[in-house]
Amino acid sequence: MTSETIQKLLADINGLQCKSLKEVEDARVRLLGKKGEITALFEEFRTVDKDVKRELGRPLNELKQAAIAKIEELRSALEASGPAEGSSEDLSMPGVQYELGSRHPVSIVRQQIVDIFRKFGYDVAEGPEIEDDYHVFEALNFPPNHPARDMQDTFFVSAGHLNPLLLRTHTSSVQVRAMESMKLPIRVICPGRVFRNEAISARAHCIFHQVEGLYIDEGVTFADLKQAILLFAREMFGADAQIRMRPSFFPFTEPSAEVDVSCNICHGKGCNICKGTGWLEIMGCGMVDPNVLEASGIDSKRYSGFAFGMGIERIAMLKWQVNDLRHYFENDLRFLHEFEGATEV
Ligand code: PHE
């Protein structure tokens with residue numbers, strides 16, 4: 001073994017080129033494997049004279065280090081440039097197509113409702129989905145044993161406490177928060193997601209969306225409520241829309257009513273959407289019960305107000321004749337694409 005043998009091999013190693021990982025591995029075996037060239041030089045080194053050892057020991061070690069470094073450099077360069085020959089990837093395959101999204105029908109209708117009430121001077125208020133019993137029931141005049149608090153209807157987060165946490169069953173809770181924090185007069189709408197422990201079917205879901213509204217000022221009457229809802233119905237369902245009110249009951253309003261709008265499909269003649277009646281139920285409403293005003297510190301002798309609440313999915317179903325509530329939550333692109341561009345009121 002001479003210094004030239006080592007120099008020559010070093011030059012070879014520095015000029016080494018490989019086109020595949022397999023070639024790198026072959027080079028490693030040829031140089032550093034059990035029967036490799038460098039391994040053989042180390043074998044031979046054991047047998048040479050002392051002065052040769054002194055002269056060639058260091059260059060031989062450097063040669064080995066250079067070979068290891070070169071092999072590593074070639075391997076990582078090839079790995080970084082991705083799979084080449086022998087790879088199972090078919091580079092001629094067409095790419096994955098990403099569908100372009102469109103706005104969800106619930107978002108479209110929510111925005112339409114918000115825009116209509118914004119024009120009437122209402123602010124938008126939002127509140128927590130996880131609420132306490134006080135804001136969902138107690139402050140709204142629900143008696144302690146009212147069935148709506150029952151496990152059947154409400155998802156409790158922490159049951160058994162005096163004021164348990166629960167998933168709000170309506171956004172009236174946001175109206176309570178508005179009464180607590182806003183200056184009078186108050187004119188707000190509260191859009192948001194609500195939760196009820198219902199079996200999922202074409203007509204009911206455990207998650208849905210509401211817009212509730214509240215107007216409190218001096219001298220607000222039922223006539224104002226009726227006018228606000230008539231104007232809303234005409235903006236939402238067309239200039240010829242009619243409304244009618246049927247007496248109803250809610251713990252937080254007195255008197256209370258259910259509102260029907262004239263069927264925009266058959267225009268009162270009777271069809272299967274309105275079940276032959278010519279009318280479609282769209283919301284609940286009423287004059288805020290004085291107990292509710294007082295619970296939030298509002299003088300019920302001086303102030304009065306009205307409130308209303310509607311389901312966004314229901315309005316969207318009536319507008320577009322969707323016959324199954326479950327479509328809204330399945331994210332089937334064939335359904336969602338039907339509403340592309342449906343943004344105008
Ligand atoms: N909070 C009622 C519900 O969820 C709707 C409603 C709101 C009724 C305001 C009257 C007044 O069903």
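Modeller: His 170 has a polar side-chain atom 3.0 Å from a nitrogen atom of the ligand. This is a predicted model, in which local features need pLDDT of at least 70 and side-chain atom pairs count only at pLDDT 80 or more, whereas totals for chains, interfaces and linings use all residues. Residues are numbered from 1 along each chain as its sequence is written, and side-chain values use heavy atoms, with hydrogens and water left out.

A polar contact is a pair of N or O atoms within 3.5 Å; within protein, one must be able to donate a hydrogen and the other to accept it, and residues adjacent in sequence count only if both atoms are side-chain atoms. On the oxygen side of the ligand, a polar side-chain atom of Arg 196 lies 2.9 Å from an oxygen atom. For Gln 210, a polar side-chain atom is likewise 2.9 Å from an oxygen atom of the ligand. Of the 320 Å² that the ligand exposes when taken alone, the protein buries 90%. Such areas come from the Shrake-Rupley method with a 1.4 Å probe, and for residues only the protein chains shown count as cover.

The elements that give two or more residues to the shell around the ligand are β6 (207-218), β9 (279-288) and β10 (303-311). Strand β10 gives the most to that shell, with 3 residues. Strands (E, at least two residues) and helices (H or I, at least four) are DSSP runs, numbered from the N terminus.

In total, 13 residues surround the ligand, and the closest are His 170, Ser 172, Arg 196, Gln 210 and Glu 212. Ser 172 belongs to helix α7 (residues 172-181), and its side chain makes a polar contact of 2.4 Å with the side chain of Glu 212. Ser 172 is buried, with a relative accessible area of 0%. Here buried means under 20% relative accessible area, exposed over 50%, and partly exposed in between (1.4 Å probe, protein chains only).

The side chain of His 209 is joined to that of Glu 313 by a polar contact of 2.6 Å. In β10 there is Phe 306, also buried, with a relative accessible area of 1%. The C-alpha atoms of Phe 306 and Ile 216 are separated by 6.7 Å, although the two residues are 90 apart along the chain.

Next, the backbone. Leu 184 and Pro 185 are joined by a cis peptide bond with omega of about -5°; Pro 185 lies in the loop between α7 and β5 (186-195). A cis bond also runs from Glu 254 to Pro 255, with omega near -5°, and Pro 255 is part of strand β8 (residues 253-262). In the loop between β8 and β9, Lys 275 has a positive phi, near 55°, without being a glycine. Lys 275 is exposed, with a relative accessible area of 59%.

Last, the cysteines. Which cysteine sulfur is closest to that of Cys 263, and at what distance? It is the sulfur of Cys 266, 3.7 Å away, which is too far for a bond. A disulfide is a pair of cysteine sulfur atoms within 2.5 Å, and a search of the whole structure finds 0 of them. Cys 263 counts as buried at 1% relative accessibility, and Cys 206 is buried too, with a relative accessible area of 18%.

How values were computed: A residue is near a molecule or strand if one of its heavy atoms lies within 4 Å of it.
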